[in-house]
Amino acid sequence: MKKLFTNDKFFLTMVLCAVIGLIEYAIYLFVCAPIDFISVAACCYVGSAICIGALYISFKKHHKNVMKCLIGALLMALVLDGVTSLSFIYATVNLICVPIYILLSLGIFINHCIINESRKASPAQVSLNHILVVAFALNMIAWVIGTCISFDISPIDSISMAFYIIGCTCLAASIVCVESRLDAYRLDREAAGWTEEKGYPEGYVHEYEKKDNK
């Protein structure tokens, strides 16, 4: 999965799908859900869409500290989205999938902290996040399909729930894409002789500088 998550086109696709999915679902909540709390949730989805767009821009501009800040905010948004969903458990599928949603998003969050605990490469932890994000996607699909079957919801609701799946799943995938790219950079510099004590070897060319010169 490393090649997939370090692919530029895949990363851009995940970002675009996340932004479109989250904004569409937020519009649906604003229009179809009159409850004040739902409107607040819709604002959070719009905020997440803005942050994921900013994450992509900061990645392209090589602003690593900004990226780490945005990733932390987005992962917390995912965790809180799952916790909030505990208030809307009306069927067995929700009782199963919502706790799994929370555990998986927490797992990605905690693993993100482990990955960034040091400046060294963490390929094992990054691979674990690959697995977690795939499990997250499968759980989201099962959750929404189960909800649609359990409540026999309207076509509009079903379509909006599909955008919800796409938005949240692609948001998580975008984060893992960034982590995978950053870890690939770390592996590259370590292979060139970088250490935390000595720093970069003389003449070392950063990966983004190689791309900028192409």
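Modeller: Let's begin with what gets called a helix: helices (H or I, at least four residues) and strands (E, at least two) are DSSP runs, numbered from the N terminus. Leu-128, for one, is found in helix H6. Before we go on, this is a predicted model, where local features need pLDDT of at least 70, side-chain atom pairs count only at pLDDT 80 or more, and totals for chains, interfaces and linings use all residues. Residues are numbered from 1 along each chain as its sequence is written, and side-chain values use heavy atoms, with hydrogens and water left out.

Biologist: Okay! How many helices and strands does the protein have?

Modeller: Eight helices and zero strands. Walk along the sequence and you get the pattern α-α-α-α-α-α-α-α.

Biologist: Which residue follows H6, and what is its phi?

Modeller: Asp-152 comes after H6, and its phi is positive, near 50 degrees. There's another positive phi to look at: His-62, not a glycine, has one of about 65 degrees. His-62 sits in the loop between helix H3 (36–60) and H4.

Biologist: Is His-62 buried, exposed or partly exposed?

Modeller: Here's the scale: buried means under 20% relative accessible area, exposed over 50%, and partly exposed in between (1.4 Å probe, protein chains only). His-62 has 28% relative accessibility, so it counts as partly exposed. Across the protein's 214 residues, 43% count as buried.

Biologist: And where do residues of H6 fall on that scale?

Modeller: Leu-128 is partly exposed, with a relative accessible area of 39%. Ser-150, also found in helix H6, counts as partly exposed at 44%. Leu-138, again in helix H6, is exposed because its relative accessible area is 56%.

Biologist: What does Ile-71 touch?

Modeller: Contact means heavy atoms within 4.5 Å. Ile-71 is found in helix H4 (residues 64–85) and counts as buried because its relative accessibility is 2%. Not counting residues up to four places away in sequence, Ile-71 touches Leu-55, His-112, Ile-175 and Val-178. The C-alpha atoms of Ile-71 and Leu-55 are 7.5 Å apart, although the two are 16 residues apart in sequence.

Biologist: What about Asp-183: buried or exposed?

Modeller: Buried, because Asp-183 has 3% relative accessibility. Asp-183 lies in helix H7 (residues 155–191). Leaving aside neighbours within four places in sequence, Asp-183 is in contact with Ala-121, Ser-122, Pro-123 and Val-126.

Biologist: At what angle do H4 and H5 pack?

Modeller: Axes are lines fitted to C-alpha atoms, for helices over the stretch in contact, and angles run from 0 to 180 degrees between N-to-C directions. H4 and H5 pack at about 160 degrees, their axes 8 Å apart. Therefore H4 and H5 are roughly antiparallel to each other; angles under 35 degrees count as roughly parallel, over 145 as roughly antiparallel, 65 to 115 as roughly perpendicular and the rest as oblique.

Biologist: Which class of residues makes the contact of H4 with H5?

Modeller: By class, there are twelve nonpolar, five polar and two charged residues. Ala, Val, Leu, Ile, Met, Phe, Trp, Tyr, Cys and Pro count as nonpolar, Asp, Glu, Lys and Arg as charged, and the others, Gly among them, as polar.

Biologist: And H5 with H6: at what angle do they pack?

Modeller: Helix H5 (residues 92–115) and H6 pack at about 160 degrees, with axes 9 Å apart. So H5 is roughly antiparallel to H6. By class, their contact has 19 nonpolar, eleven polar and no charged residues.
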